[in-house]
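Okay, everyone, thanks for coming. Let me put the model up on the screen and then walk you through a few bits of it.

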There are 4 protein chains.
Amino acid sequence: MSSTIGKLFTVTTFGESHGQAVGAIIDGITPGLELNEADIQKELDRRRPGQSDITTPRSEADQVQIMSGLFEGKATGHPIMLMIMNTSMRPYDYSEIKDLYRPGHADYTFNKKYGVRDYRGSGRASGRETSARVAAGAIAKKMLNHYGIKIQGWVKRLGGIECKTFDADVIEQNPVRACDPEAAILMADKIRQAAAEKNSVGGIIECCLSGMIPGLGEPVFDKIEADLAKAVLSVGATKGIEFGAGFAAPDMTGKEHNDEISATGFLSNNAGGTLGGISTGQDIIFRVAVKPTSSIAQLQHTIDINGNEVECITEGRHDACICPRIVPVIEAMAAITLVDHLKRQVGLTMRLPSQD
Amino acid sequence: MSSTIGKLFTVTTFGESHGQAVGAIIDGITPGLELNEADIQKELDRRRPGQSDITTPRSEADQVQIMSGLFEGKATGHPIMLMIMNTSMRPYDYSEIKDLYRPGHADYTFNKKYGVRDYRGSGRASGRETSARVAAGAIAKKMLNHYGIKIQGWVKRLGGIECKTFDADVIEQNPVRACDPEAAILMADKIRQAAAEKNSVGGIIECCLSGMIPGLGEPVFDKIEADLAKAVLSVGATKGIEFGAGFAAPDMTGKEHNDEISATGFLSNNAGGTLGGISTGQDIIFRVAVKPTSSIAQLQHTIDINGNEVECITEGRHDACICPRIVPVIEAMAAITLVDHLKRQVGLTMRLPSQD
Amino acid sequence: MSSTIGKLFTVTTFGESHGQAVGAIIDGITPGLELNEADIQKELDRRRPGQSDITTPRSEADQVQIMSGLFEGKATGHPIMLMIMNTSMRPYDYSEIKDLYRPGHADYTFNKKYGVRDYRGSGRASGRETSARVAAGAIAKKMLNHYGIKIQGWVKRLGGIECKTFDADVIEQNPVRACDPEAAILMADKIRQAAAEKNSVGGIIECCLSGMIPGLGEPVFDKIEADLAKAVLSVGATKGIEFGAGFAAPDMTGKEHNDEISATGFLSNNAGGTLGGISTGQDIIFRVAVKPTSSIAQLQHTIDINGNEVECITEGRHDACICPRIVPVIEAMAAITLVDHLKRQVGLTMRLPSQD
Amino acid sequence: MSSTIGKLFTVTTFGESHGQAVGAIIDGITPGLELNEADIQKELDRRRPGQSDITTPRSEADQVQIMSGLFEGKATGHPIMLMIMNTSMRPYDYSEIKDLYRPGHADYTFNKKYGVRDYRGSGRASGRETSARVAAGAIAKKMLNHYGIKIQGWVKRLGGIECKTFDADVIEQNPVRACDPEAAILMADKIRQAAAEKNSVGGIIECCLSGMIPGLGEPVFDKIEADLAKAVLSVGATKGIEFGAGFAAPDMTGKEHNDEISATGFLSNNAGGTLGGISTGQDIIFRVAVKPTSSIAQLQHTIDINGNEVECITEGRHDACICPRIVPVIEAMAAITLVDHLKRQVGLTMRLPSQD
């Protein structure tokens with residue numbers, strides 16, 4: 001189902017950029033989990049527009065409300081509906097874009113598929129939909145924390161600039177969410193420069209799932225990396241994903257790539273934390289390619305809904321690079337996937353009671 | 001469900017390398033589709049071991065039998081069960097490997113997950129399981145052909161050698177399935193050399209879905225590229241996937257990356273044939289990273305099931321590079337995914353368009 | 001998934017009796033469907049408490065709000081979230097019931113399953129949850145109307161009184177929703193009498209799906225009556241369902257039961273509108289057994305959460321018979337099931353037939 | 001999916017009456033479960049044609065073969081494919097029935113839905129398909145046995161004759177599978193009489209799930225009785241299902257119907273073993289209406305595929321009553337449903353590890 005993901009832990013989202021609200025129903029939450037709106041708000045604030053000078057100046061409060069599924073501060077095991085009202089909708093004249101297909105946007109495909117389109121902003125294809133994912137992911141993260149599993153993402157590369165060092169502590173200390181504080185400064189400049197040029201830049205996000213439990217994921221179709229890939233590439237603007245050695249693996253030999261094992265554990269992690277689609281207990285590491293923002297205030301060639309050639313400029317309050325704000329979205333998708341597999345595992349491979 | 005993929009077109013596989021048979025139940029086949037075993041055998045022969053001097057000398061006949069769902073040469077719309085008997089199981093002494101974890105294999109994770117393991121070969125994690133996928137994919141391809149959709153994959157890079165040219169006609173004419181005949185010769189040598197050195201090499205597969213219909217895929221979670229990524233990364237030995245510009249997109253600007261549109265169509269295809277998770281009608285292009293074969297006949301460090309350090313050599317009849325044989329597997333997964341989305345779009349018992 | 005039903009037309013509900021709101025996300029709505037809150041409110045008003053003197057005097061406004069998925073008065077094809085705020089929550093002392101298991105209620109099983117329970121009212125097991133179903137069903141009905149399919153339910157039997165006649169026009173004209181106006185008067189008296197005696201009564205609902213399209217439903221597991229049965233028996237207080245001749249069929253012979261066919265159609269409808277799990281185009285007819293309301297203000301024996309025997313009286317504003325109000329709920333579940341099968345048959349973004 | 005049932009324990013069937021084989025892929029089997037073909041054959045023999053003089057004289061061996069998923073006599077946790085070859089296909093002239101719609105059969109609806117039909121016998125709508133369900137159910141039963149859960153069905157009523165007594169020990173001792181040995185004799189005569197008159201009779205099956213674990217089933221849509229109803233009514237020839245007091249509940253008062261609780265347990269079981277859709281731990285009891293066999297060797301009116309009125313006689317080796325043979329099918333569907341919910345339960349409501 002397009003708007004639902006998961007099997008035992010399910011997230012169903014709703015809402016478009018210019019409707020009344022976006023949100024989600026999350027089902028399969030462990031009963032008894034302590035939870036409040038602040039737990040969720042904390043993650044939403046990391047995705048929020050207007051959080052720094054390198055993100056869009058649009059200033060959504062993104063205030064989450066929990067509408068069900070809690071009792072006396074704890075999850076009941078029944079679905080939580082959470083909702084974020086859309087507050088920053090400016091009266092705006094859409095007549096310019098309503099009949100044309102903005103390059104890089106879903107305008108064209110939505111019209112082809114549905115025959116109708118909510119032309120105010122990007123509707124359901126808007127990045128705004130991801131706030132529901134982040135909110136759901138916050139709950140997933142809290143469940144994972146009970147098992148000692150942590151998920152952290154960061155910007156690894158941006159606008160051609162690569163991080164040279166890794167320091168987990170700096171990630172949330174710089175507006176780019178880069179893992180190298182010096183690169184972070186260059187990257188922030190790159191974003192400002194792109195904005196000034198009415199252009200945009202992309203980047204690579206790296207994400208690490210640590211404290212992993214071995215045995216998560218299923219062989220054949222529901223391999224843990226297959227499900228992570230689906231979840232992550234369901235986020236708009238992503239163009240690829242690689243695990244462990246990833247696209248460097250093709251140039252390695254088997255002897256180089258195989259992760260040998262000693263009595264104290266694996267000696268390397270080229271596989272990225274899985275074997276045969278199942279977690280080994282090592283960190284799961286993946287990287288995601290993020291394209292430059294499609295909305296740029298430059299003249300581009302396109303057509304209108306009648307097929308006539310036109311020129312268009314995508315005005316509006318857009319991020320010149322969405323990497324800093326996409327980090328929590330990718331973490332959320334990883335968390336949602338992992339909780340689903342954690343729950344499947346307990347169910348699927350339950351041990352038989354003794355038969356005495 | 002681990003052994004089932006798809007929603008309206010579903011493939012459920014069974015079988016392990018050393019059991020009696022592998023196969024699949026395929027449901028959601030368009031009633032009236034003409035089909036016979038030769039249609040399927042043709043694709044299986046592309047995946048078959050022993051097809052050339054650069055693949056494993058193991059010689060499985062891989063003869064498919066259709067056990068249900070056909071009547072008078074046509075699909076009835078009811079499930080087809082197809083089965084491939086395992087014939088090449090040599091009496092073999094597994095005592096050496098039964099208690100240890102081969103590096104790069106699922107031995108370790110299967111034991112952690114299930115508490116038991118079929119130690120004859122790789123059991124369910126064996127590449128042999130993919131023959132069921134190829135067989136199912138052959139049916140999917142035949143359905144897609146009626147809509148004018150073609151799927152073709154090829155080796156783009158292997159052992160560090162990159163194809164410099166592209167000629168669709170040469171792909172099936174060289175044993176590597178490379179798109180450049182000169183590179184193909186070097187790649188074949190590379191494989192022979194790796195085999196001689198008891199080592200292995202990896203590569204990159206590129207796949208093109210042409211004749212696409214606009215409107216396939218759903219926004220939000222079931223984006224067409226998200227589902228393709230899941231399907232493809234559910235194939236063992238894959239380490240990453242990228243669409244269109246892929247991991248090159250992060251270094252592009254929005255102006256460079258956006259595919260502008262003219263009255264005669266899109267002016268470029270950096271997006272790889274989708275916008276907002278939905279097909280544009282352009283070719284869908286993706287690339288897959290394939291790791292070097294894990295089974296190498298060299299001494300490697302590992303542990304046994306009791307945690308003791310041991311050395312192991314994975315003897316046996318293995319491919320020094322699985323790229324030539326993985327091409328039809330990846331095509332099959334793409335075909336299965338595409339038919340599922342086609343049916344979502346037009347319904348379970350959609351009629352075939354005429355083929356004039 | 002517990003809170004989601006359907007495959008191509010999915011309804012995911014949330015909310016408990018004493019939370020902030022109940023509602024649903026409905027996905028798979030045909031793009032272009034004209035829809036407004038009044039379409040939904042009309043059905044909610046049929047389920048609403050306080051609609052007559054024989055229903056609970058609790059007076060919920062049950063005002064629906066559409067929060068997403070509409071644009072310019074039409075469905076966009078993206079999920080609609082609709083929400084009904086809970087307004088009639090009286091400050092109430094739950095200390096009496098919080099530690100005991102009310103007979104006939106889910107208190108016992110919720111505690112056994114989840115280890116925690118929202119003891120304010122019946123939480124997620126409350127009939128209040130069904131208002132979300134009715135709202136979702138209103139959308140399904142509107143889609144079915146475009147295909148000429150109508151769904152109508154009525155009270156066939158109540159408190160031992162059986163309808164002797166059938167007049168579709170009287171159903172919504174009497175507070176019982178009986179199909180026989182004279183029986184309706186006796187039934188209403190029966191409900192008042194039960195209420196006066198602090199007791200409750202049950203009944204049988206009959207439901208007819210007319211204007212059916214042949215070919216809906218799938219053979220084997222997803223037979224149309226199997227899916228209708230699941231949908232209908234997922235409504236609390238139902239104890240059985242039968243199709244066509246139902247529990248009378250066992251006493252018939254094959255010759256009596258078989259529906260013969262003439263050039264102008266079937267000569268009878270003992271099968272209830274399906275053959276082999278697929279609709280024939282005849283009316284689909286089923287009956288549902290509804291138990292007497294569990295909440296009665298009489299002394300009953302039960303135990304508390306520590307296993308001690310206690311006596312309990314379920315005070316509160318309850319219906320002495322839920323039959324009149326369950327009719328729209330059962331219609332809704334039938335409508336939701338039917339739309340899902342219609343879409344499976346014709347696809348996710350099927351266009352509406354013209355309505356001439 | 002039409003040919004798949006279940007979420008964590010899934011059964012996917014294939015095969016038609018006159019194809020090569022029928023069978024199933026069963027996934028989600030607990031690893032380590034001891035299993036062999038005799039465990040399955042035992043149940044198949046209860047469904048087998050030709051088992052007594054009151055069943056069809058057709059004599060299928062119904063010999064099951066396990067093709068995957070076992071290792072050293074134990075389930076590996078990977079899918080088991082089991083297959084039953086069709087051996088009793090007589091050369092037969094189908095020209096008489098190929099163009100007409102037999103009353104009570106799926107011929108009409110299959111043609112309407114698929115546009116094509118395997119007219120040899122009933123194809124996929126044949127009762128033969130249920131042998132795959134029985135085989136899968138045998139595995140489910142074995143898993144349930146480890147938890148102390150037993151499933152037993154019996155004939156409660158047949159051809160208008162009702163069992164007056166209940167003795168579990170006699171059920172498998174009489175060819176009818178009635179729970180009352182004296183009624184069994186009358187019932188057997190009734191079947192022989194119907195056969196002699198080229199007619200058929202129906203009956204009611206009762207089924208008991210004992211040794212239940214409290215907490216199985218989910219509130220809202222996946223109530224345990226909703227899922228049991230779907231599973232059972234997906235068996236051909238069933239026309240209704242009721243739980244506990246069932247269709248008698250509507251005539252009871254709340255005071256009569258509510259099951260009060262004492263320190264030693266529930267004082268009655270009108271609910272049939274569930275509250276709020278979740279098992280209480282009491283026996284789950286349900287009854288199923290089974291129609292008289294549709295295939296009768298009497299003249300009946302029908303039409304051919306061109307709409308012309310014709311007369312037809314359904315010759316062949318048919319049961320004059322399928323009740324004795326449907327008992328194991330209904331048990332199988334209950335077992336499959338229960339295992340699925342058992343596995344969900346362990347997964348869905350897993351407890352949080354302590355956080356010390």
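So, salt bridges to begin with: here that's a side-chain nitrogen of Lys or Arg within 4 Å of a carboxyl oxygen of Asp or Glu. Searching the whole structure gives 115 of them over all chains. Before going on, the ground rules: this is a predicted model, with local features needing pLDDT of at least 70 and side-chain atom pairs counting only at pLDDT 80 or more, while totals for chains, interfaces and linings use all residues. Residues are numbered from 1 along each chain as its sequence is written, chains are lettered from A and ligands numbered from 1 in the order in which they are written, and side-chain values use heavy atoms, with hydrogens and water left out.

One of those salt bridges joins A:E43 to A:K141, with the closest N and O atoms 3.2 Å apart. That pair ties together distant parts of the chain: A:E43 sits in helix α1 (residues 37-47) of chain A and A:K141 in helix α3 (residues 130-145) of chain A, 98 residues apart. Helices (H or I, at least four residues) and strands (E, at least two) are DSSP runs, by the way, numbered from the N terminus.

Next, chains D and B. We have 44 residues of chain D in contact, meaning heavy atoms within 4.5 Å, with 43 residues of chain B. How much area is buried between chain D and chain B? About 3,300 Å², and carbon and sulfur atoms give 65% of that; this is accessible area (1.4 Å probe) lost on putting the two parts together, summed over both. And how many salt bridges cross that interface? Zero, by the rule. On chain D's side, the elements giving two or more residues are β2 (10-14), β3 (21-27), β5 (70-71), β7 (80-85) and α2 (107-114).

Last stop, a hairpin in chain D. Strands β17 (residues 300-303) and β18 (residues 309-312) pair antiparallel over four bridges; pairing takes at least two DSSP bridges. D:H301 stands opposite D:E311. Five residues lie between the strands, and D:G307 in the turn has a positive phi of about 90°.
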